[in-house]
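Hi,

Here is the structure I promised you. Please open it and keep it beside this email while you read.

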Amino acid sequence: MLLSAARCMALLGLVAMLGCSAHAGIALEQRQLPMKFSWVACQPNCRGWISAVGIVTAETPNDFDAFARDHQLKGETIVLDSSGGSVNDAIALGRRFRALEMFTTVGVSVLTLDSRDERAHVSPEAYCESMCVFLLLSGKSRYVPEQAHVRVHQIWMGDRADNARAASYSAYDLTTIERDIGSLAKYTFDMGGAGDLLSLSLNVPPWEDLHELSREELRVTNLITTEKIAQLGSPDAAVLARTPKSLQDLFVSTAAVASTGAVTER
């Protein structure tokens, strides 16, 4: 099975006033689990969003379908923090996002508490790696904050990614990889991505560190379609989230938060 994932760990999900060591521990735990979807309700009188954390597995598309049955998701924003997962299942999931005309971004959903109420925000210190990058691409409009880390590498046989150079491969294995590259290429162009994204990804073997895309590379690959995003925690978000040119204020700085078939996984 081919998988796509990353080495660095970051928390995805709701975090309530956590210290650095606790935050890191939960981040590691969450990102090793299959992807989970949750609706982040924004109180009061403002628009919520979908938080997605973990790796894409064979069950993830069906899990999303079950989640979608309980929520009206068309045109909503999905906040990604993921280390990748199964190529073909990520492609299937990305097509579901596009069918719902969803907006995509990278971030960590954070719940802050005070004496009066709780408020949800998004921290930009997040990771979208490997096949997550292609989920990001599925958004009708796409925003990547400056502090986010978007990283790519080759797809590979998941059961041999940890020792890729020493492993043995059959002709069938090579056929599988080439088939999945073809599927990924078609998906990339269907989603409006550029060939640069495939070139940058397929040039990084699994025994090398993932390549982090620069702001310029995010633009030439068409992963960024807007430089702004609606403040999901504001009353105006319902209007702004549907306007591509105003798809950032929802993002709080890290300092502010602190004061308040497959393709590869490794």
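**How the helices pack**

Helices H2 and H3 pack at an angle of about 25°, and their axes are 8 Å apart. That makes H2 roughly parallel to H3 (angles under 35 degrees count as roughly parallel, over 145 as roughly antiparallel, 65 to 115 as roughly perpendicular and the rest as oblique). Axes here are lines fitted to C-alpha atoms, for helices over the stretch in contact, and angles run from 0 to 180 degrees between N-to-C directions. Helices (H or I, at least four residues) and strands (E, at least two) are DSSP runs, numbered from the N terminus.

A note on the source: this is a predicted model, where local features need pLDDT of at least 70 and side-chain atom pairs count only at pLDDT 80 or more, while totals for chains, interfaces and linings use all residues. Residues are numbered from 1 along each chain as its sequence is written, and side-chain values use heavy atoms, with hydrogens and water left out.

**Helix H2**

Which residues of H2 (60-69) are buried? They are Thr 60, Pro 61, Phe 64 and Phe 67 (buried means under 20% relative accessible area, exposed over 50%, partly exposed in between, with a 1.4 Å probe and protein chains only). They span an arc of only 120° around the axis, which puts them on the same side of H2. The arc is that of the directions from the helix axis to the C-beta atoms. Asn 62 and Arg 69, on the other side of H2, are exposed. The cover over the buried residues includes strand E2 (36-40), strand E3 (49-53) and helix H3 (87-99). Contact means heavy atoms within 4.5 Å.

**H3 with H5**

The axes of H3 and helix H5 (171-190) come within 10 Å and cross at roughly 15°. H3 and H5 are therefore roughly parallel to each other. On the H3 side, the contact includes Asn 88 and Ile 91. On the H5 side, Leu 184 and Tyr 187 are among the residues. By class, this contact has 3 nonpolar, 3 polar and 6 charged residues (Ala, Val, Leu, Ile, Met, Phe, Trp, Tyr, Cys and Pro count as nonpolar, Asp, Glu, Lys and Arg as charged, and the others, Gly among them, as polar).

**H5 with H6**

The axes of H5 and helix H6 (195-202) come within 9 Å and cross at roughly 145°. Ile 181, Leu 184, Ala 185, Thr 188 and Phe 189 in H5 meet Gly 195, Leu 197, Leu 198 and Leu 202 in H6. By class, that contact has 7 nonpolar, 2 polar and no charged residues.

Best wishes
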